[in-house]
Amino acid sequence: MNKVYALVDCNSFYVSCERVFNPSLKDKPVVVLSNNDGCAISRSQEAKDIGIPMGAPIFKCQDLVNRHDVKVFSANFVLYGDMSGRVMSTLSAFTPELEVYSIDEAFLSLAGFKNLDYLVYGRTIKNTVKGQTGIPVSVGIAPTKTLAKVANHIAKDNPKMGGVFCFSDEKDIDQWLEKTPVREIWGIGAEKALFLNRHGITNALQLKNAPDQWIKKHLTVLTLRTVMELRGIPSVTFEEILPNKKAIVTSRTFGHEVSSLNEMEEAIASYVSKASEKIRYQGSVAGYIQVFIETNPFKGSYYRNSASLDISPPTAYTPQLVGIAKKLLAGIYKQGYRYKSCGVMLTNFSDENAGQQDLFKPIYTKSSNQRLMKVVDTHNQSVNNSQLFFAAEGLKKAWYMNQSHKSKRYTTRWDELLEIKI
DNA sequence: TCTGGGGTCCTAGGACCC
DNA sequence: TCTGGGGTCCTAGGACCC
């Protein structure tokens, strides 16, 4: 049976989340900034129209912001994560097979739906999500995931489509592919687009018709998979169940530059704590840890370094991981630099219940340590806030990131509920 | 003068994604 | 003054083996 995929993508997702709880933002230019209020990572259509580029450092756009009274928000990931859950839960009613691809995108398999008018179904999906969550979405429908991405672009870029687009037949697909620059295809980044352009391949139709051997030789099997998808042959796997992460990274830019080892230790401890909470959540223990530090690459003398260690037996016990991380940090920390960020990576995971045992060392699993972590996690999840934390993380957190335009966590905190004044 | 050939495994780094 | 964070996968190249 032929496959059919719908890609549902939220429009300017973070901005749309802010608008749900603040209707005065409607029709206004709005941007949401990255952590530490650095770059614009979500822009309303109005903000795009006045020329604020994706990923632009906001201080470089200050003129535009002032001139057009752009509404600026700090990233509120607790709110966005919760809203994402609502959108996905709404979508799950429309298919037995849903792949949550990112915080604001999902693929729906419509393969088993016979005699379905896809365009009508797409519009129903769009209207239902808007009605139940307040989030506007675009829907693209096609025989492969890559083509569904293209269809979604078409739906977004052509207002007369009303936010929903479905390819009708082979000829229709080719006509649209001819108008699609290769750079816009899912999986073709700046580098590959440049290479393709140099060889005379500028649009998606030309890529679709390029010889397999040539693609494989110069652009790897990944691009060949993309080409197959453009030809209507599904080649990218559909994953209903989110596989466990293979690596967990926690890193942040500091609110201000840090030049004391003590503060660096606090930050590292804090990130280790966050990362280990995440691996416990997926039932993993880590067999490898890496710590990295970096000064500001935009000014002064630049220094970055990292240190790592294999952990045997693997563990998810925060105090142990913090201890190791601090030793690694001490090995790479150099006095006299002003650091801009640091981070921690945990990887080489195994299942906490199936880990290799070490005859001569205490093991994390089934120990009182594991029970202690369970108590901490259960408590912190129940109040949706890290109320229990380790003293090593520090109390003042002077290094913590800046977020001076943050909205409330309307949906996850009783004390931050939306207030309506009458 | 001249220095094999084929494996495997691991790691670092690149490219890409949102 | 001010430039995000978190992932995945692939390839090249080195180390090592016989």
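Strand S1 (residues 5-10) and strand S7 run antiparallel and are joined by six bridges. Helices (H or I, at least four residues) and strands (E, at least two) are DSSP runs numbered from the N terminus, and two strands pair if DSSP finds at least two bridges between them. The model is predicted: local features need pLDDT of at least 70, side-chain atom pairs count only at pLDDT 80 or more, and totals for chains, interfaces and linings use all residues. Residues are numbered from 1 along each chain as its sequence is written, chains are lettered from A and ligands numbered from 1 in the order in which they are written, and side-chain values use heavy atoms, with hydrogens and water left out.

Together, S7, helix H6 (residues 145-157) and S8 form a left-handed β-α-β unit; a crossover is called right-handed if, with the strands pointing away from the viewer, the path from the first strand over the helix to the second runs clockwise.

Strand S7 (residues 137-142) is largely enclosed by the rest of the structure, because six of its six residues are buried. Buried denotes under 20% relative accessible area, exposed over 50%, and partly exposed in between (1.4 Å probe, protein chains only). In a regular strand the side chains alternate between the two faces of the sheet. In S7 both faces are covered, with Val-137, Val-139 and Ile-141 buried on one side and Ser-138, Gly-140 and Ala-142 buried on the other.

A residue is near a molecule or strand if one of its heavy atoms lies within 4 Å of it. Of the 14 residues around DNA strand B, those that come nearest are Ser-102, Asp-104, Lys-149, Gly-187 and Lys-192. Sugar or phosphate accounts for 100% of the atoms of DNA strand B within 4 Å of the protein. Polar contacts are pairs of N or O atoms within 3.5 Å; within protein, one must be able to donate a hydrogen and the other to accept it, and residues adjacent in sequence count only if both atoms are side-chain atoms. Polar side-chain atoms lie at 3.0 Å from a sugar or linking oxygen of DNA strand B in Asp-104 and at 3.3 Å from such an oxygen in Glu-105. A polar backbone atom of Glu-191 is 3.1 Å from a phosphate oxygen of DNA strand B. Strand S5 (98-102) and helix H8 (190-198) are the elements that give two or more residues to this surface, and H8 supplies the largest share, three residues. The surface comprises five nonpolar, three polar and six charged residues, where Ala, Val, Leu, Ile, Met, Phe, Trp, Tyr, Cys and Pro count as nonpolar, Asp, Glu, Lys and Arg as charged, and the others, Gly among them, as polar.

Several backbone features were also noted. The peptide bond from Ser-312 to Pro-313 is cis, with omega near -5°, and Pro-313 is placed in strand S11 (residues 304-315). Asp-69, although not a glycine, has a positive phi of about 50°; this residue is in the loop between helix H3 (62-68) and strand S4 (71-73). Thr-220, in helix H10 (residues 212-230), likewise has a positive phi, near 70°.
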